[in-house]
Amino acid sequence: MEKLSTRKYDIAERLRTPEEMAAYLEACIIESEGDAAFIAKALGDIARAQGMTKIARQTGLSRESLYKALSGERSPDFATILKVTNALGISLHAEARQPA
């Protein structure tokens, strides 16, 4: 009997279209329960899908600082989030919630 081999699932390998990337980020925002590091990790996944070198060049940040900021281990500053979303071609928007 052959031994079954597995490998770690990487969402960045599955995010191919801008629509998939936006849907993934939207789902992560909903699931995050306000955890900024969780959202940053989702942005990191999308950045890896598009190519971290490309995103670094477009944001003016180093690849290393992007990897750290979008690792999910800490919450990056909002200026970094804005630079990354702009480079990714993702628009942030707000809408009113229904009162609880």
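Which residue forms a salt bridge with Asp45, and how far apart are the closest N and O atoms? Arg48 does, with its closest N and O atoms 3.1 Å from those of Asp45; a salt bridge here is a side-chain nitrogen of Lys or Arg within 4 Å of a carboxyl oxygen of Asp or Glu. This is a predicted model, in which local features need pLDDT of at least 70, side-chain atom pairs count only at pLDDT 80 or more, and totals for chains, interfaces and linings use all residues. Residues are numbered from 1 along each chain as its sequence is written, and side-chain values use heavy atoms, without hydrogens and water.

**Salt bridges**
- The structure holds five salt bridges.
- Arg48 and Asp45 stand three residues apart in helix H2, about one helical turn (helices are DSSP runs of H or I, at least four residues, numbered from the N terminus).
- Salt bridges with shared partners join Asp10, Lys41, Asp45 and Arg48 into one network.
- Lys41 also meets Asp45 in a salt bridge, at 2.9 Å from N to O.
- Asp45 is buried at 5% relative accessibility, whereas Arg48 is partly exposed at 32% (buried means under 20% relative accessible area, exposed over 50%, partly exposed in between, with a 1.4 Å probe and protein chains only).

**Helix H5**
- Thr80, Ile81, Val84, Thr85, Ala87 and Leu88 are buried in H5.
- These residues lie on the same side of H5, because they cover an arc of only 160° around the axis, taken from the directions from the helix axis to the C-beta atoms.
- Phe78 and Asn86 are exposed on the other side of H5.
- Gly89 follows H5 and has a positive phi, near 75°.

Key:
Helices (H or I, at least four residues) and strands (E, at least two) are DSSP runs, numbered from the N terminus.
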